[in-house]
Amino acid sequence: MCGIVAGVALQRSIVPALLDGLKRLEYRGYDSCGVAVLQAGGPRCIRTLARVEALESDVRAANLDGSTGIAHTRWATHGVPAIANAHPIFSHDQIAVVHNGIIENHEALRESLVEQGYEFVSQTDTEVIAHLVHSHYEGDLLAAVFDAARMLQGAYAIAVICKDEPQRVIGARQGSPLVVGLGPDGAFLASDTFALSTYASGIIYLEDGDVADLRSGNLRILNSAGETVVRGVNQITEQGGDSELGAYRHYMQKEIFEQPLAVARTFSMVRSLDATLFGTVDPNAFSGVDNVLMLGCGTSHYSALTARGWFETIAGIRAHAEIASEYRYRDYVPQRGTLVVPISQSGETADTLAALRYAQSVGEALTLAICNVATSAIVRQSNWAFITQAGPEIGVASTKAFTTQLVALFLLALTLGRQRARLSAGQVAKHLRDLAALPDAIRSVLAREPQIIGWAQELRRKEHALFLGRGLHYPIALEAALKMKEISYLHAEGYPAGELKHGPLALVTEAMPVIVSAPNDCLLDKLKANLQEISARGGKLYVLADANTRLQAAEGMRIIRLPDYYGFLSPLLHVVAYQLLAYHVACLRGTDVDKPRNLAKSVTVE
Ligand code: G6P
């Protein structure tokens, strides 16, 4: 979390690049933001509790200018959102730091710095870094940052400037992402490639322990041993077009409507249904696999829960879906033949990365990332990868990343099912036809938007909601509740419909809307009985029913009819309706849809 961008510009102001980068990094946190540049009279800094747009106006009004600078957008960890805690953080008006990550030994360092006479004006762990660099500074910022970094425990990506070295920025990383960007106008540092897509043509991915020394026209990288190293330069691929809002009001809205295209693009990667689709050289690389362990957080965990059913039913293979932050601290017993599948939109989620590393450390050797970012840490840490083709996802609430993860996982289930001779050629062909037709099926759900808005108008004033599903649609109920709470702040819970009578039924009154997925699957009759239990208690039902379910609207039961039952891929249709529902409830409640309070898109802290 937190986004950092910094740079040294050649013969021009660094400020436009810093602001452009910050706008692109706002998904990482938006509790406050700030920028500092070096000027002849010393460093100048502007910080605000508002968004980057407001920072830009302040910067313009103040005529902030200079060729060297650092900038930050914050997701608060240590200290409330306040100007004093906003970055850049200074030491003695000489050293300024921006930081992403958490310094775990900040208390001990703070005590020793206080003993040395340093005064702390913020509650941040970052201030420790600023003073530490200051205490090591003897005229060479690179040496000071290198020495200070060796005393830090935890995760960090930092960019540091010093008043006495006006054409220099030092970056360092350990655990948190940091890239170097090189372009005709200068050299830059940022939390991700996207932040630099306007200004850099080449990208260097720093490794843990690296310290980068950026000067005008000169770049040097030291590894953790202090040796000068050469890291490869990757050409940046422009994704800017995909990132423009265009005619849409919010990125989330745009991303919901991009799903037919994103799903089609992801499916179009299929050349052959064997392990090479997932980045292996050997088509039979999965032949020893008889168990799948999926790791993820948030929405990515719900895609794992959905896919678990596919692996079991289609491939006849044991599958587990684990919440990464829990798994990483369990005494997990490794099992031969396990394919470990970390799932992540960003590929940078700290818990998922740590869970993957933990699985590897206990002996799991087969790792396959399902990820939307080809250059991310999780992809680099895995043996193999399938890169979903969702394109940049800007809205904090994940939508198209989820549906494309599901496409990837479905393809993996088909691949394993085929390899284990669980599927005939005819069955494979039918599944592939369903995948090919999925974009149109999703479009037909999107066309239900006016009816979904009708439901949203009824739900907007509610305080709570229950989402129910069974089988493959239970994880979709969880995802629907997550979407609703994260963007509309309406308290929502997802439950398996059969579990209702074991507790949540006590909550059902007229004031508690119950929103249910009713696919025309083998559990439909059971689900109908669950609906009766709710109606009998005066509960108000909102049912997403497949066209052929024979459910009829009645007093106390609203129905939106979806297309005919779409088999194994039905969850991808129901979830799109729920995304639209959460989106419209949020709009009607006037929340900040793309940047919900307290959240961030990429969670790079534990
Ligand atoms: C954050 C985001 C969620 C996302 C989760 C996992 O909480 O707000 O939308 O599902 O992180 O992120 P990942 O990038 O690993 O999929």
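Biologist: Which residues of helix α13 are buried?
Modeller: This is a predicted model, in which local features need pLDDT of at least 70, side-chain atom pairs count only at pLDDT 80 or more, and totals for chains, interfaces and linings use all residues. Residues are numbered from 1 along each chain as its sequence is written, and side-chain values use heavy atoms, with hydrogens and water left out. Taking helices as DSSP runs of H or I with at least four residues, numbered from the N terminus, and buried as under 20% relative accessible area (1.4 Å probe, protein chains only), the buried residues in α13 are V428, H431, D434, L435, L438, P439, A441, I442, V445 and L446.

Biologist: How far apart are the end C-alpha atoms of α13?
Modeller: The expected span of a helix is 1.5 Å times one less than its number of residues. The 22 residues of α13 (residues 425-446) should therefore span 32 Å, and the end C-alpha atoms agree with this, being apart by 32 Å.

Biologist: Where in α13 does a kink lie?
Modeller: The bend at a residue is the angle between axes fitted to the seven residues ending there and the seven starting there. By that angle, a kink of about 45 degrees lies shortly before the proline P439, at L438.

Biologist: Which backbone oxygen does the side chain of T306 reach?
Modeller: T306 lies in helix α8 (residues 298-315), and T306 is buried, with a relative accessible area of 0%. Its contacts (heavy atoms within 4.5 Å) include F402, L472 and P571, not counting residues up to four places away in sequence. At 2.7 Å, the side chain of T306 reaches the backbone oxygen of Y302.

Technical notes. Helix = DSSP H or I, 4+ residues; strand = E, 2+ residues; numbered from the N terminus. Buried < 20%, exposed > 50% of the residue type's maximum accessible area, 1.4 Å probe, protein only. Polar contact = N/O pair within 3.5 Å; in protein donor to acceptor, adjacent residues only side chain to side chain.
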